[in-house]
Amino acid sequence: MMASFVTVSRRPFLCSPFLPSFEPVSLEFRRSQSSYRRTKQRLRVKPDASFGPSSDKTQDHIIYNPPSSSPSVYHTPTKFLPPDDARRNLRPNSSATGQNVEDLPAAFKSATEKRYHLTPSDVLEIRRLRLSDPMTWSRGKLAKRFDCSPIFIAQVCEASPQKKEIQRQVLEAVQSRWGAKRRMAREDRKLRKDAWGRDE
(Lines give C-alpha, C1' and ligand atoms only; values in the text may rest on other atoms or scores of the structure.)
Protein backbone atom coordinates (compact mmCIF):
# COMPACT_ATOMS: atom_id res chain seq x y z
CA MET A 1 0.00 0.00 0.00
CA MET A 2 1.45 3.34 -1.12
CA ALA A 3 1.30 6.41 1.09
CA SER A 4 -0.13 9.54 -0.51
CA PHE A 5 1.42 12.92 0.35
CA VAL A 6 -0.62 16.12 0.21
CA THR A 7 1.28 19.30 -0.65
CA VAL A 8 0.10 22.33 1.29
CA SER A 9 1.01 25.70 -0.17
CA ARG A 10 2.08 28.18 2.47
CA ARG A 11 0.73 31.73 2.29
CA PRO A 12 2.68 34.76 3.38
CA PHE A 13 2.04 35.89 6.95
CA LEU A 14 0.73 39.33 5.94
CA CYS A 15 -1.74 38.18 3.37
CA SER A 16 -5.50 38.50 3.20
CA PRO A 17 -7.47 35.26 2.83
CA PHE A 18 -9.48 36.78 -0.04
CA LEU A 19 -6.42 37.65 -2.15
CA PRO A 20 -4.05 35.34 -4.00
CA SER A 21 -0.96 34.30 -2.13
CA PHE A 22 1.36 36.36 -4.36
CA GLU A 23 -0.23 39.74 -3.40
CA PRO A 24 0.62 40.58 0.23
CA VAL A 25 -1.38 43.30 1.95
CA SER A 26 0.63 46.44 2.67
CA LEU A 27 0.33 47.75 6.24
CA GLU A 28 1.89 51.09 5.40
CA PHE A 29 -0.16 54.13 6.46
CA ARG A 30 0.00 57.00 4.04
CA ARG A 31 -1.68 60.41 4.17
CA SER A 32 -3.84 61.07 1.16
CA GLN A 33 -2.83 63.74 -1.31
CA SER A 34 -5.82 66.00 -0.61
CA SER A 35 -5.20 66.27 3.15
CA TYR A 36 -1.45 66.77 2.58
CA ARG A 37 -2.08 69.60 0.11
CA ARG A 38 -4.58 71.27 2.43
CA THR A 39 -2.17 71.13 5.37
CA LYS A 40 0.66 72.49 3.28
CA GLN A 41 -1.47 75.38 2.04
CA ARG A 42 -2.46 76.34 5.59
CA LEU A 43 1.13 76.28 6.77
CA ARG A 44 2.29 78.41 3.88
CA VAL A 45 2.23 81.94 5.28
CA LYS A 46 2.98 84.91 3.06
CA PRO A 47 6.04 86.76 4.39
CA ASP A 48 5.41 90.19 5.79
CA ALA A 49 7.77 93.04 6.53
CA SER A 50 6.60 93.23 10.15
CA PHE A 51 7.62 89.63 10.89
CA GLY A 52 11.24 90.50 11.47
CA PRO A 53 13.09 93.44 12.99
CA SER A 54 13.15 96.62 10.96
CA SER A 55 16.43 97.79 9.51
CA ASP A 56 16.11 101.43 10.60
CA LYS A 57 15.63 100.65 14.33
CA THR A 58 18.40 99.34 16.50
CA GLN A 59 16.52 99.06 19.80
CA ASP A 60 13.83 96.58 20.75
CA HIS A 61 10.27 97.49 19.87
CA ILE A 62 6.80 95.98 19.86
CA ILE A 63 5.63 94.19 16.72
CA TYR A 64 1.86 94.45 16.32
CA ASN A 65 0.60 92.13 13.59
CA PRO A 66 -3.12 91.33 14.07
CA PRO A 67 -4.69 88.40 12.22
CA SER A 68 -6.58 89.01 9.03
CA SER A 69 -10.21 89.65 9.88
CA SER A 70 -12.88 92.29 9.50
CA PRO A 71 -11.42 95.74 10.28
CA SER A 72 -12.29 97.33 13.59
CA VAL A 73 -11.10 100.47 15.33
CA TYR A 74 -10.50 98.45 18.49
CA HIS A 75 -7.87 96.20 16.88
CA THR A 76 -5.07 98.73 16.80
CA PRO A 77 -4.31 100.12 20.25
CA THR A 78 -4.35 103.89 20.61
CA LYS A 79 -0.64 103.85 21.46
CA PHE A 80 0.17 102.72 17.92
CA LEU A 81 -2.02 105.29 16.18
CA PRO A 82 -0.50 108.56 14.94
CA PRO A 83 -1.67 111.73 16.75
CA ASP A 84 -3.61 112.97 13.73
CA ASP A 85 -5.26 109.61 12.93
CA ALA A 86 -9.02 109.77 12.34
CA ARG A 87 -9.58 106.53 14.27
CA ARG A 88 -8.83 108.33 17.52
CA ASN A 89 -12.15 110.19 17.21
CA LEU A 90 -14.08 106.94 16.93
CA ARG A 91 -12.88 105.56 20.25
CA PRO A 92 -14.84 106.03 23.47
CA ASN A 93 -13.13 107.25 26.66
CA SER A 94 -10.42 109.05 24.69
CA SER A 95 -9.14 112.59 24.89
CA ALA A 96 -10.85 113.41 21.61
CA THR A 97 -14.30 112.90 23.16
CA GLY A 98 -13.60 115.51 25.79
CA GLN A 99 -13.39 113.10 28.71
CA ASN A 100 -10.42 113.68 30.97
CA VAL A 101 -8.29 110.92 32.38
CA GLU A 102 -8.97 112.23 35.89
CA ASP A 103 -12.70 111.46 35.46
CA LEU A 104 -12.01 107.75 34.97
CA PRO A 105 -12.10 105.44 38.01
CA ALA A 106 -8.84 104.50 39.61
CA ALA A 107 -7.16 101.28 38.53
CA PHE A 108 -6.65 100.16 42.12
CA LYS A 109 -8.60 100.69 45.28
CA SER A 110 -7.38 103.49 47.45
CA ALA A 111 -5.48 102.47 50.53
CA THR A 112 -7.69 102.27 53.60
CA GLU A 113 -6.97 104.82 56.25
CA LYS A 114 -5.63 103.35 59.47
CA ARG A 115 -7.54 104.17 62.61
CA TYR A 116 -6.23 104.02 66.14
CA HIS A 117 -9.49 104.25 68.07
CA LEU A 118 -9.07 101.35 70.52
CA THR A 119 -7.93 102.16 74.04
CA PRO A 120 -5.91 99.89 76.40
CA SER A 121 -9.17 99.05 78.22
CA ASP A 122 -10.63 97.80 74.92
CA VAL A 123 -7.59 95.59 74.39
CA LEU A 124 -8.01 94.11 77.88
CA GLU A 125 -11.70 93.49 77.16
CA ILE A 126 -10.79 91.70 73.91
CA ARG A 127 -8.37 89.44 75.75
CA ARG A 128 -10.89 88.71 78.51
CA LEU A 129 -13.64 87.74 76.05
CA ARG A 130 -11.25 85.62 74.01
CA LEU A 131 -10.03 83.70 77.08
CA SER A 132 -13.49 83.28 78.61
CA ASP A 133 -15.22 81.68 75.59
CA PRO A 134 -12.98 81.27 72.53
CA MET A 135 -15.59 79.29 70.58
CA THR A 136 -18.20 82.05 70.84
CA TRP A 137 -15.86 85.02 70.59
CA SER A 138 -13.94 84.23 67.45
CA ARG A 139 -11.68 86.65 65.64
CA GLY A 140 -14.41 87.71 63.26
CA LYS A 141 -16.97 88.42 65.98
CA LEU A 142 -14.47 90.36 68.07
CA ALA A 143 -13.39 92.36 65.03
CA LYS A 144 -17.00 93.19 64.23
CA ARG A 145 -17.80 94.20 67.78
CA PHE A 146 -14.76 96.46 68.28
CA ASP A 147 -14.74 97.72 64.65
CA CYS A 148 -11.25 96.52 63.76
CA SER A 149 -9.61 93.90 61.58
CA PRO A 150 -9.23 90.20 62.50
CA ILE A 151 -5.48 90.62 62.03
CA PHE A 152 -5.43 93.12 64.88
CA ILE A 153 -7.35 90.66 67.07
CA ALA A 154 -4.76 87.98 66.31
CA GLN A 155 -1.96 90.39 67.22
CA VAL A 156 -3.58 91.44 70.49
CA CYS A 157 -4.42 88.00 71.86
CA GLU A 158 -3.26 84.57 70.81
CA ALA A 159 -5.41 81.48 70.65
CA SER A 160 -6.38 80.25 74.07
CA PRO A 161 -5.16 76.84 75.30
CA GLN A 162 -8.80 75.88 75.79
CA LYS A 163 -9.51 76.22 72.07
CA LYS A 164 -6.30 74.40 71.16
CA GLU A 165 -7.37 71.50 73.36
CA ILE A 166 -10.80 71.38 71.70
CA GLN A 167 -9.20 71.36 68.24
CA ARG A 168 -6.83 68.57 69.32
CA GLN A 169 -9.76 66.46 70.56
CA VAL A 170 -11.64 67.00 67.29
CA LEU A 171 -8.55 65.95 65.31
CA GLU A 172 -8.13 62.80 67.40
CA ALA A 173 -11.79 61.91 66.88
CA VAL A 174 -11.39 62.26 63.12
CA GLN A 175 -8.15 60.25 63.06
CA SER A 176 -9.75 57.43 65.06
CA ARG A 177 -12.02 56.68 62.08
CA TRP A 178 -9.11 56.34 59.65
CA GLY A 179 -8.25 52.99 58.19
CA ALA A 180 -4.82 51.48 57.66
CA LYS A 181 -4.47 52.82 54.11
CA ARG A 182 -5.32 56.41 55.00
CA ARG A 183 -3.10 56.36 58.07
CA MET A 184 -0.21 55.01 56.00
CA ALA A 185 -0.82 57.63 53.30
CA ARG A 186 -0.77 60.45 55.88
CA GLU A 187 2.46 59.13 57.36
CA ASP A 188 4.02 58.97 53.90
CA ARG A 189 2.90 62.55 53.25
CA LYS A 190 4.53 63.71 56.47
CA LEU A 191 7.77 61.93 55.54
CA ARG A 192 7.72 63.57 52.10
CA LYS A 193 7.25 67.03 53.62
CA ASP A 194 10.16 66.42 55.98
CA ALA A 195 12.25 65.35 52.99
CA TRP A 196 11.30 68.55 51.15
CA GLY A 197 12.63 70.58 54.07
CA ARG A 198 15.93 68.71 53.83
CA ASP A 199 15.94 69.11 50.00
CA GLU A 200 15.98 65.37 49.36
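Buried means under 20% relative accessible area, exposed means over 50%, and partly exposed is whatever falls in between, with a 1.4 Å probe and protein chains only. These legends describe a predicted model, where local features need pLDDT of at least 70, side-chain atom pairs count only at pLDDT 80 or more, and totals for chains, interfaces and linings use all residues. Residues are numbered from 1 along each chain as its sequence is written, and side-chain values use heavy atoms, leaving out hydrogens and water.

**View 1. The whole chain.** The protein chain has six helices and zero strands (DSSP runs numbered from the N terminus: H or I of at least four residues for helices, E of at least two for strands). Read from the N terminus, that gives α-α-α-α-α-α. Of its 200 residues, 12% count as buried. Take the contacts (heavy atoms within 4.5 Å) with a separation of 6 or more: residues 24 or more positions apart account for 28% of them.

**View 2. A nonpolar patch around Tyr-64.** Ile-62, Tyr-64 and Phe-80 make up this surface patch, and together they have about 300 Å² of accessible area. Patch members need over 30% relative accessible area and no salt bridge; like charges are joined within 9 Å, and nonpolar side chains (Val, Leu, Ile, Met, Phe, Trp, Tyr) within 5 Å. A salt bridge here is a side-chain nitrogen of Lys or Arg within 4 Å of a carboxyl oxygen of Asp or Glu. Tyr-64 sits in the loop between helix H1 (33-43) and helix H2 (120-132). Its relative accessibility is 34%, so Tyr-64 counts as partly exposed.

**View 3. The buried face of H3.** Helix H3 spans residues 139-146, and Leu-142, Ala-143 and Phe-146 are buried in it. Looking down the H3 axis, these buried residues fall within an arc of 100 degrees, so they line one face of the helix (the arc is taken over directions from the helix axis to the C-beta atoms). Their cover includes H2 and helix H4 (150-156). Just after H3, Asp-147 adopts a positive phi of about 55 degrees.

View 4. The structure holds zero disulfides (pairs of cysteine sulfur atoms within 2.5 Å). For Cys-148, the nearest cysteine sulfur is that of Cys-157, 9.5 Å away. Cys-157 is in no disulfide either. Cys-157 counts as buried because its relative accessibility is 10%.

Terms used
Accessible areas come from the Shrake-Rupley method with a 1.4 Å probe; for residues, only the protein chains shown count as cover.
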